[in-house]
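Hi everyone, thanks for making time. Let's take a quick look at one model together.

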Amino acid sequence: MRFLHTADWHIGKKLHGFDLTAEQDFAYEQIRQLAIDEKVDAVVIAGDLYDRAIPTEKSVTQLDDMLIDLNLKQHFPILAISGNHDSATRLRTGSRWFQATNYYLNTKLSQALTPIEFDDTQFFLLPYFEPFEARQYFEDDSIRTAEAGMIKLVAAMQEKFDPAKKHVLVAHFFAAGSEHVDSETQVTVGGLNAIPVDLLAPFDYVALGHLHGKDALHATRVRYSGSPVKFSVSEATQQKGVWIVDTEPFKLTFKPLTPQRDVRVLKADFATLMAPEFYSQQQQDDYLAIRLTDKRVIPNVMQALREIYPNIIELERADGPVETDGAVAQIDPTLDPMTLMTKFFEQTTDSEMTPQQQAWAEQTLTTANKEA
């Protein structure tokens, strides 16, 4: 059997306030085309379909359009689970008739013990769970960690193994030894929810979700697909994509996705960034984290940069705080507030206020005096 492994779509997520709808649609179109071109037998989505438990109407429509296209129009079976960002209750709405179209969505721990069977493969779809859910299901008060719950779950799944078939686990958790990035929700507290990779040895392949990079874990048959879109600056160097998995003979192939707008770190001085010969060579509408190498104060720096680079998500000084002249001018404290502000501005920026800045300053002082 051949299937496509993806996860962590996080529909509805924003990047520093920027809407990612277009970027997520662009990534989905590539995933769909890969499924078609690779002639996969099914598509696996290993959790976090939405970015939040209560998605917006726009997000619900966007995900519905993707799933309807993939399942009803392209006729791919879908094997999906809820992740820690999803509301299991909301996500399962309508699930009573999903299986009629080969859309298998598990949002309850108990569902994971009923395998979804294809000609040569059994899939066990385990949604994100907390230790108390396993404790209640197995009626075992000794289960206090996700690892303890997984020991019970894996044993129960093995009892359902058909020895004539391959066995695939789809899950959403933090595997011990994996590496986080800052866009991922920390669901480990002192190792409470970390799952040792050794526990997963009975499976021929484990399709994981939760971590956003494919290289977060390097285990031969236990893999994160990573998210299809970059969601933070910490993901800037990651290659996004999906896995194509063949079960017999086993083969794992990574297929990269191309971003519509990339997330990049751009390090240079202000003069270079503003030079046409430099910015004409850049993808100016990428999501940029700019690291300024200048040590001087630059008036209206963000406004100036955004005239050329509209999607700046971070602006930092590469070499630490701005350096100012150590000598502090003596200013007469008896001067009126507007004069004091004007002199302070000139001292700290080494430039004069523009007429617009003077108007803003006067308006602010007037408001402050009224509220005093």
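Predicted model: local features only at pLDDT ≥ 70, side-chain atom pairs only at ≥ 80, totals over all residues.

Residues are numbered from 1 along each chain as its sequence is written, and side-chain values use heavy atoms, with hydrogens and water left out.

Strands here are DSSP E runs of at least two residues, numbered from the N terminus, and two of them pair if DSSP finds at least two bridges between them. Seven of the seven residues of strand β14 (residues 241-247) are buried, so the rest of the structure largely encloses it. Buried means under 20% relative accessible area, exposed over 50%, and partly exposed in between, with a 1.4 Å probe and protein chains only.

What flanks β14? Strand β1 (residues 2-6) runs antiparallel to β14, joined by four bridges, with leucine 4 partnering isoleucine 244. Strand β15 (residues 250-256) is also antiparallel to β14, over seven bridges, and a two-residue hairpin connects β14 to β15.

Now the rings. They pair if the centres of Phe, Tyr or Trp (its six-membered ring) lie within 6.5 Å; planes under 30 degrees apart are stacked, over 60 edge-to-face, the rest tilted. That gives twelve aromatic pairs. In one of them, tyrosine 205 and phenylalanine 250 have ring centres 6.1 Å apart and planes at 40°, so the pair is tilted. Tyrosine 205 is buried at 1% relative accessible area, while phenylalanine 250 is partly exposed at 24%.
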